[in-house]
Amino acid sequence: MTSIKSSKSRLETAWRCFWLRRISSKFSASVTVSWSCTKAKSSVICAATSFPNTTLPCSQRAGSWSLMSTHTSRTASARTIDPPGPRRRLAGRIYEGTRVYIGIGVMLVALVGYLAITQPTFATPQNLIAILETNSVLLLVAVGLTFVLLTGGFDLSVGGMLALSGILVAKLIESGVNFYVAAILVIIAAAILGGVLNGLLIGKLGLSFFVVTLGTMSLFRGAGQVITEGHGLSLYQVEASRIIGSGRFLGVPWLVIIALSVLVLAILVTRYTGFGRMLYAVGGNAEAARLSGIKVWLVRAVAYAICAGLCGLAGVLESSRLASASPTAATGMELVAAAAVLLGGTSFAGGAGSMVGTLLGALFLGIISNGMTISQISSFWQSVVTGSVLLAAVLLDWFRMRRDKRMSGT
């Protein structure tokens, strides 16, 4: 019984000192840099290196923390630290939640303002709808890639999976399968294929994601070439495909509606579900996540399966939009999607990022491409711009990680 009481007392001592250290470091610059906590006469004593000849017993009174300077036989009150008010706490939460979007938000507003001034046709409703419609497929792929990047991985096979999915849909329709049934079957098959090949090889066997996804990228592209013998397949005669690819609901293209619906669902999954928290835990520290009981390999496998499934959906929508399926479709899509995700604040090292940032990154790249088109700039320069943006996004991610490490003191 005595040992149990002693252990409980030590835990209470450590807990009180932990909260005193946090509050002191946050709201008082004059109080300590490092602390050591001991037990003396049933009161918690915190020795502060800022005050070498002073011990600071801490107590909680009336909802506020008091620091009292103790000398030989008398105790004088040194300072009372009150917790922040509700307005300050709300402002702090808003800043912490939006600071990662400040950079991409400023660049996006500046780009839109410049194009609206220099190009009269840019700010028209028709052009803005066209930007959303043409970049819906990019958004879907980028959302899927965000799931993988949150776990600390990467998927180079997204473009190959997109092209193969469009070809499989066209082949199934040629065989007499209904368009919607074919689309569902292809999406499920893509998710299973991505989860088994990429997910298990990377998550379960621990192979390099770069080598594995580079191999599956070549595999999917080659399979599409074999099935079609290098030729494209037409979907122009399929009415359901035309409705999805070019139809509208209340003036909004179906492509945009589907892409935004998937985005909202992804936001809900990553922010408000246990699986979403496991994604961040695995990407932040895989070993700590494993020790806490999370099946790291399964989380990674599911992330790759989700990414492949969304690429399958993107392949169906892209083939419907273009009314054809080609084995060379979406060449270089993996680099553009990676640039969108990294620009949106998702860390290449994993454990940090959001779907809202991915949306902003995809919009930024889409507006750049649209602006170059209406400015009659050669399409060859678009690859140069995409590569430059990708390098800038990687550097931005590096600076962000360095700043966070410096702020955390590690």
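A salt bridge is here a side-chain nitrogen of Lys or Arg within 4 Å of a carboxyl oxygen of Asp or Glu.

## The chain as a whole

The chain has 410 residues, of which 42% count as buried. Its secondary structure comprises 16 helices and nine strands. Among contacts between residues at least 6 apart in sequence, 67% join residues at least 24 apart.

The average pLDDT of the chain is 76, and 73% of the residues score at least 70. Over residues 22-81 the pLDDT is below 50, although this stretch has 107 contacts in the model beyond near neighbours in sequence. Where pLDDT is low, the predicted coordinates should not be read in detail.

## Salt bridges

| Pair | N to O distance | Helix |
|---|---|---|
| Arg-290 and Glu-287 | 2.4 Å | α12 (residues 286-291) |
| Arg-321 and Glu-318 | 3.3 Å | α13 (residues 296-322) |

Glu-174 is exposed, with a relative accessible area of 52%, while Lys-171 is partly exposed at 30%.

Arg-290 and Glu-287 are likewise three residues apart, about one turn of helix α12. Arg-290 counts as partly exposed at 46% relative accessibility, and Glu-287 counts as partly exposed at 42%.

In helix α13, Arg-321 and Glu-318 are three residues apart, about one turn of the helix. Arg-321 has a relative accessibility of 29% and counts as partly exposed. Glu-318 has 14% and counts as buried, because buried means under 20% relative accessible area.

## A buried arginine without a salt bridge

Which side chain of opposite charge is nearest to Arg-221? That side chain is Glu-334, 5.1 Å away. A salt bridge needs a nitrogen within 4 Å of a carboxyl oxygen, and Arg-221, though buried, has none.

Arg-221 is found in helix α8 (residues 209-228). Its side chain reaches the backbone oxygen of Pro-327 at 2.9 Å. Pro-327 is also one of the residues in contact with Arg-221 when neighbours within four places in sequence are left aside.

## Residues with positive phi

Most residues other than glycine have a negative phi.

Ala-330 lies in the loop between β9 (324-325) and α14 (333-343). With a relative accessible area of 17%, Ala-330 is buried.

Leu-250 has a positive phi near 55° and is a residue other than glycine. Its place is in the loop between β7 (248-249) and β8 (252-253). Is Leu-250 buried or exposed? At 77% relative accessibility, Leu-250 counts as exposed.

Gly-251 is found in the loop between β7 and β8 as well. Gly-251 is partly exposed, with a relative accessible area of 42%. The C-alpha atoms of Gly-251 and Ile-129 are 9.2 Å apart in space, whereas the two residues are 122 residues apart in sequence.

## Annotated transmembrane regions

An unreviewed UniProt entry places the feature "transmembrane region" at residues 98-117, 137-170, 177-201, 249-269, 297-317, 338-368 and 380-399. Two of these spans are described below.

Over residues 249-269 the chain is 76% helix and 14% strand. The end C-alpha atoms of residues 249-269 are 26 Å apart.

Residues 338-368 are 65% helix and 0% strand. The end C-alpha atoms of residues 338-368 lie 16 Å apart.

Methods: Residues are numbered from 1 along each chain as its sequence is written. This is a predicted model: local features need pLDDT of at least 70, side-chain atom pairs count only at pLDDT 80 or more; totals for chains, interfaces and linings use all residues. Side-chain values use heavy atoms; hydrogens and water are left out. Buried means under 20% relative accessible area, exposed over 50%, partly exposed in between (1.4 Å probe, protein chains only). Helices (H or I, at least four residues) and strands (E, at least two) are DSSP runs, numbered from the N terminus. Lys and Arg count as positive and Asp and Glu as negative; His and the chain ends are not counted. A polar contact is a pair of N or O atoms within 3.5 Å; within protein, one must be able to donate a hydrogen and the other to accept it, and residues adjacent in sequence count only if both atoms are side-chain atoms. Contact means heavy atoms within 4.5 Å. UniProt positions are given in the numbering used here, feature names are shortened, and annotations may be inferred rather than shown by experiment. pLDDT is the predictor's confidence in each residue, from 0 to 100.
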